[in-house]
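Take a look at the model first, then read on.

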Amino acid sequence: MLEGLGSPASPRAAASASVEGSSGPAACPPPSPSSPRSLESPAPRRGGVRASVPQKLAEALSSQYGLNVFVAGLLLLLAWAVHAAGVGKSDLLCLLTALMLLQLLWMLWYVGRSSAHRRLFRLKDTHAGAGWLRGSITLFAVITIILGCLKIGYFIGFSECLPATEGVFPVTHAVHTLLQVYFLWGHAKDIIQSFKTLERFGVIHSVFTNLLLWANGVLNESKHQLNEHKERLITLGFGNITTVLDDHTPQCNCTPPTLCTAISHGIYYLYPFNIEYQILASTMLYVLWKNIGRKVDSHQHQKMQFKSDGVVVGAALGLTALAATIGVVVVYLIHIGRSKTKSESALIMFYLYAITLLMLMGAAGLAGIQIYRMDEKSLDESKNPARKLDSDLLVGTASGSWLISWGSILAILCAENHPSYTWYNLPYSILVILEKYIQNLFIIESIHREPEKLSEDIQTLRVVTVCNGNTMPLASSCLKSGGVAEDVAPRGTDTPPAANGNVHVREGCGREDEKQEESSWGESPSPSCLLCFLQGNAKRKVLKNIAAFLFFCNISLWIPPAFGCRPEYDNGLEEIVFGFEPWIIVVNLAMPFSIFYRMHAAASLFEVYCKI
């Protein structure tokens with residue numbers, strides 16, 4: 001929160017104010033009426049209650065508006081997917097284009113108003129819109145724009161029989177993507193305090209517009225995957241299970257045909273990145289919506305820094321898993337659907353690979369949780385919309401995989417005939433449930449812990465080592481007082497320099513006399529203090545290696561379902577037990593959440609790695 005403009009009466013008062021902060025009413029001078037503090041200070045209780053009612057109503061009205069837009073868009077998506085009478089793809093694209101244009105108008109108005117008042121101080125949420133998150137969304141946005149260019153090329157090739165909306169939509173989407181990334185880079189951390197009712201509607205409209213674009217991408221990609229699955233089933237002789245292909249190919253020739261075929265295949269390989277972009281944008285905008293009108297304290301979030309030292313083991317194992325995943329996916333896609341024997345061997349290979357990787361990930365997560373159990377450090381329970389959203393998304397999106405896994409387990413138990421690969425599917429499904437359960441516990445506890453302050457701890461431990469061989473009570477007393485060498489040592493004494501950068505302390509740890517204190521300079525650190533220091537440093541390195549390993553493993557497990565390696569489609573057992581259409585509906589509903597979980601878990605683990 002802003003400091004008051006009034007200055008203390010004396011240097012002593014200034015020092016007292018800087019130390020005590022806002023610990024009590026008497027610690028702060030009364031702010032002047034024109035100061036920023038007076039504008040942000042809480043009103044009297046009666047007025048505060050009156051002021052909160054319109055804001056709560058605005059929040060409820062805006063959320064209901066967004067939900068209605070989302071539900072209407074979903075129904076239109078469903079109507080197009082099931083070929084409802086009178087509903088075509090042009091109607092869906094018109095709605096999405098109109099929503100994007102409305103969001104563009106709001107973003108332009110917000111950016112213009114912010115530029116006009118750029119000299120005014122604006123509150124920021126330091127937890128929101130991290131640099132690595134904005135970098136990730138920029139990468140996905142670039143690929144989304146490439147996808148839009150391919151769609152424009154596809155429209156040009158089939159321009160004779162495609163409506164104009166097929167060309168207008170990708171152009172609008174590209175412009176929308178460019179401006180939205182610029183908006184998120186500059187304003188994702190904003191805590192909006194003016195025009196709050198209008199801004200709530202603008203931000204929530206942006207959230208659900210991105211969610212509808214995400215749902216549209218998921219539907220298009222799922223229809224493509226389903227067509228490929230039906231083709232494989234027909235090749236393997238299961239034509240009686242499936243129905244005709246859901247083909248949306250234009251009824252005219254494309255020129256040149258080779259280029260059009262390449263563009264058509266390239267579009268679906270880029271859809272996973274577009275899907276991730278839309279969901280990331282919607283989550284960042286949701287945090288912006290939650291921050292509107294929020295009161296923040298003066299505590300500043302410690303800036304996280306990425307350091308790659310000491311994580312050779314975790315990074316090497318993670319990169320090995322990533323390379324193995326790419327190889328498994330390539331072999332799987334080559335062999336699946338070629339023949340019954342090759343399909344079963346591809347399924348067995350995938351299950352063995354996934355079982356091994358999930359067991360390693362579960363063991364790493366349990367090790368991290370056990371390390372946290374040995375450290376009795378309190379958790380940070382302060383209000384933080386970004387952190388709460390991360391935790392909710394981890395648990396919510398994990399339910400997609402849990403739904404598919406429990407369906408597979410039930411199908412295995414109820415099936416009359418069990419092919420050879422069935423018994424690999426059973427441990428795989430169980431491990432998917434357990435691994436996500438363990439990983440969620442590790443990530444949620446990690447993001448609720450305060451960042452370690454290694455430099456101050458090392459400095460304090462070194463001071464304690466110089467002062468006394470018995471360091472345990474001294475370490476606690478020095479740490480509680482926040483003492484570093486410069487703060488503890490009296491200014492009037494001469495302190496001899498040390499070769500290792502330590503500072504000699506005479507009175508800060510005054511349990512030893514001067515003679516014993518001076519003789520300690522020639523002695524080596526005590527084994528107990530050195531062991532304590534090594535244990536603390538080793539704990540950080542182990543946690544960093546665990547976070548790095550799990551980060552690469554989650555990216556590895558994101559790749560197979562995102563690029564067509566989906567044994568839930570191809571093993572056929574669940575489709576026999578539940579029926580083709582019911583099981584396909586379950587997979588199509590749950591798989592997008594499962595894919596997003598892996599990418600979101602990787603992002604959360606990157607944040608955990610930077611905090612450790």
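The largest cavity has 24 lining residues, and Ser401, Tyr428, Val432, Glu568 and Ser594 sit nearest its centre. This is a predicted model, where local features need pLDDT of at least 70, side-chain atom pairs count only at pLDDT 80 or more, and totals for chains, interfaces and linings use all residues. Residues are numbered from 1 along each chain as its sequence is written, and side-chain values use heavy atoms, with hydrogens and water left out.

A cavity here is a set of points on a 1 Å grid over the protein atoms alone where a 1.4 Å probe fits but cannot get out, with lining residues having an atom within 4 Å of a point. Volume is the space filled by probe spheres set on the points, which are joined across faces, edges and corners. By that count, the structure has six cavities of 30 Å³ or more.

| Cavity | Volume | Top contributor to lining |
|---|---|---|
| Largest | about 320 Å³ | α12, five residues |

Helices are DSSP runs (H or I, at least four residues), numbered from the N terminus. For the largest cavity, those supplying at least two lining residues include α12 (422-447) and α20 (580-611).

The second largest cavity's lining includes Val218, Glu276, Arg566 and Phe596. Domain 1 (54-236 + 252-295) and domain 2 (307-450 + 531-611) both contribute to this lining, so the second largest cavity lies between them; the bounds come from an automatic or database domain assignment.

Key:
1 Å grid on protein atoms, 1.4 Å probe; cavity = no way out; pocket = protein on both sides within 12 Å on 5 of 7 lines; lining within 4 Å.
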